[in-house]
Amino acid sequence: EQDRTRNFCLNSKVPEICKNEPCVAGIDEAGRGPVLGPMVYGICYCPKDKEDHLKETGCADSKTLTEEKREKILDVMCSEGYIGWEVEVISPTTISNCMLQRQKYSLNEISHKSAINLIKRAIEAGVKLTDVFVDTVGPAEKYEEKLKSFFPELNITVAKKADSKFPVVGAASICAKVTRDICLKTWTFPELSAPSAAELSWGSGYPNDPETKKFLINNIDPIFGFSQLVRFSWSTAEKVLEENAVTVEWEEEELPKQTRSMKSYFGKQSDNKLHHKHRYFKDRNLTSVVKF
């Protein structure tokens, strides 16, 4: 079974025609805003002279299509001999860890890194890329400049709503959205009493959805917090934690008498006594660590 805390990639075979003819690629994501589930980045590519054929499959912004329609279009794409694709599933745990680590790593940076890696992987797989269209994350001009610094040999266009302007980006959007939907449908919950997604309801997964908020409140452990489905770095999740979970206070190490606690340099000290560890920690030989 797939480890839900780790990122992973899924891809089609590279059509031989894509190794021999100049190709155009599109990149888009699904699941950027929700507090639940992974964010999925997708790339789709085909020969430049086949773009009109791609449009005929119905490729468009995945948000404008029904779930059934998206799945049918993806089936058609997979059956054609000139379309290739790959997706990267970025886990909720990865997203939260990046955004909460000491040196912050924003969602935009995560997105940029995924897009760059998808282009690199396509080139390494032998795809003869010449043109790439990307749905923007942040200012389009800066993002385009960044991508061109990595791939100066490619014609790169970064634009708002690129999934509705370029069929190949719409195709990438569909690959990403279908993958995310399947991830959510098949999600398992070893941390909860309900073991599978089929037994739970969480609405759209977006922070302002009442059903999503209800899921967060009803499925939180007061000690261990949320399941791996939740992006615990989102402010919605943080608020639910503050209101429904136990506050954890990490105890300081006992220090030699000549060494002052770091806290002593900030604020008034009531006395010079050291704060002794609770018996629970002493009995189990547990100590605070800074490196894992």
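These legends describe close-up views of a predicted model.

Local features need pLDDT of at least 70 and side-chain atom pairs count only at pLDDT 80 or more, while totals for chains, interfaces and linings use all residues. Residues are numbered from 1 along each chain as its sequence is written, and side-chain values use heavy atoms, with hydrogens and water left out.

**Figure 1. The whole protein chain.** The protein chain has 11 helices and 6 strands. Helices (H or I, at least four residues) and strands (E, at least two) are DSSP runs, numbered from the N terminus. Of the 292 residues, 44% are buried. Buried means under 20% relative accessible area, exposed means over 50%, and partly exposed lies in between (1.4 Å probe, protein chains only). The accessible surface comes to about 17200 Å². Carbon and sulfur atoms hold 52% of that surface. Areas come from the Shrake-Rupley method with a 1.4 Å probe; for residues, only the protein chains shown count as cover. Among contacts between residues at least 6 apart in sequence, 72% join residues at least 24 apart. Contact means heavy atoms within 4.5 Å.

**Figure 2. Helix H5 and its packing partners.** H5 covers residues 107-124, which is 18 residues. From first C-alpha to last, H5 reaches 26 Å, close to the 26 Å expected at 1.5 Å a residue. The expected span is 1.5 Å times one less than the number of residues. Buried residues of H5 include Leu107, Ile110, His112, Ile116 and Ile119. The buried residues of H5 pack against strands E2 (23-30), E3 (39-47), E4 (84-90) and E5 (129-135). They also pack against helices H4 (92-100) and H6 (140-150). Glycine 126 follows H5, with a positive phi near 105 degrees.

**Figure 3. Threonine 179 in helix H8.** Helix H8 spans residues 167-185 and holds threonine 179. This threonine counts as buried because its relative accessibility is 10%. The side chain of threonine 179 reaches the backbone oxygen of cysteine 175 at 2.7 Å. Leaving aside residues up to four places away in sequence, threonine 179 touches Leu10, Val40, Val87 and Val89.

Figure 4. The structure holds 10 salt bridges. A salt bridge is a side-chain nitrogen of Lys or Arg within 4 Å of a carboxyl oxygen of Asp or Glu. Side chains of opposite charge can pair when their charged atoms come close. Glutamate 16 and lysine 19 form one, at 3.5 Å from N to O. They sit 3 residues apart in helix H1 (residues 16-20), so about one helical turn separates them. Glutamate 16 is exposed at 52% relative accessible area, whereas lysine 19 is partly exposed at 35%. In helix H6, lysine 148 and glutamate 144 are 4 residues apart, again about one helical turn. Their closest N and O atoms are 3.0 Å apart. Salt bridges that share partners also join Glu67, Glu71 and Lys185 into one network.

**Figure 5. The aspartate 131 and lysine 48 salt bridge.** The side chains of aspartate 131 and lysine 48 meet at 3.0 Å, N to O. This pair links distant parts of the chain, 83 residues apart. Aspartate 131 lies in strand E5, and lysine 48 in the loop between E3 and helix H2 (51-56). Aspartate 131 is buried at 12% relative accessibility. Lysine 48 is partly exposed at 38%.

Notes. Polar contact = N/O pair within 3.5 Å; in protein donor to acceptor, adjacent residues only side chain to side chain.
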